[in-house]
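Morning, everyone. I have one structure to show you today. Please take a look at it before I start.

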Amino acid sequence: MSHNLRTNRILSAVVFILLGIVLLFFPNATMILVCRIIGWGVLISGIAALIGAIRDNNGGAGIAAGVVGMIVGIYIIARPDVLASIIPFVVGIVMVVNGIMNMTTAARNKDVFGHRYLPSLVGGIVTVLFGVLLLCNSFYAASLIVRFIGLGLILGSVSNLLSMNK
């Protein structure tokens, strides 16, 4: 392995280990920071849409979209915890609906597949349970997910370092 490639892989692994440590030990602060970054992106998009609408004389709809984007962006920057709790809540709803659909499909296909319907049924039940967990405590569940991502980054990066040729 060339020296530059090896150095880049080591630096990359170290950066991902550090990022993993931050995610593992500071999940809530990380979520808040990410939501604020999203808020700034929405605010800048709103400003750009407003400027574009005014410059191109697009009328009320373009101006309204820009103003709404700016207001939403400012709100997200000011209250990032709201966005941080909404995302897991929405994912929880999707998981519950998907799990119920899987259980219904598995029950309908019981006669067709015999005992092979059970994995689908169990998967549906587990999906519903995880969805309910997200719905009941969105922010904690999101924090747990961020920690798992951090742990994955650390383990994957350490694995990459250990598997490198000397």
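Let's begin with contacts, meaning heavy atoms within 4.5 Å. Take the contacts in this protein with a separation of 6 or more: 75% of them join residues 24 or more positions apart.

A word on where this comes from. This is a predicted model, where local features need pLDDT of at least 70, side-chain atom pairs count only at pLDDT 80 or more, and totals for chains, interfaces and linings use all residues. Residues are numbered from 1 along each chain as its sequence is written, and side-chain values use heavy atoms, with hydrogens and water left out.

Now the fold. The protein has seven helices and zero strands. Helices here are DSSP runs of H or I, at least four residues; strands are runs of E, at least two; both are numbered from the N terminus.

Next, overall dimensions. The C-alpha trace spans about 65 × 55 × 30 Å along its principal axes. The radius of gyration is 23 Å, while a compact globule of 166 residues would have one near 15 Å. That radius is taken over C-alpha atoms, and the globule rule is 2.2 Å times the number of residues to the power 0.38.

What about burial? Buried residues make up 26% of the 166. Buried means under 20% relative accessible area, exposed means over 50%, and partly exposed lies in between, using a 1.4 Å probe and protein chains only.

In soluble globular proteins, nonpolar side chains tend to be buried together. The largest nonpolar core here has eight residues: Leu23, Met31, Cys35, Ile76, Leu83, Ala84, Ala142 and Val146. Helices α2 (27-55), α4 (80-108) and α7 (138-163) each give two or more residues to this core. A nonpolar core is a set of buried Ala, Val, Leu, Ile, Met, Phe, Trp, Tyr and Cys residues joined through side-chain atoms within 4.5 Å. Zoom in on Val146. Leaving out residues up to four places away in sequence, Val146 touches Leu23, Pro27 and Met31.

Is Cys35 buried or exposed? Cys35 is buried, at 5% relative accessible area. Cys136 is exposed, at 64%. The whole structure has zero disulfides (cysteine sulfur pairs within 2.5 Å).

Last stop: Thr127, in helix α6 (residues 118-136). A polar atom of the Thr127 side chain lies 2.7 Å from the backbone oxygen of Gly123. Beyond neighbours within four places in sequence, Thr127 is in contact with Met95 and Gly99.

Thanks, everyone.

Notes:
Polar contact = N/O pair within 3.5 Å; in protein donor to acceptor, adjacent residues only side chain to side chain.
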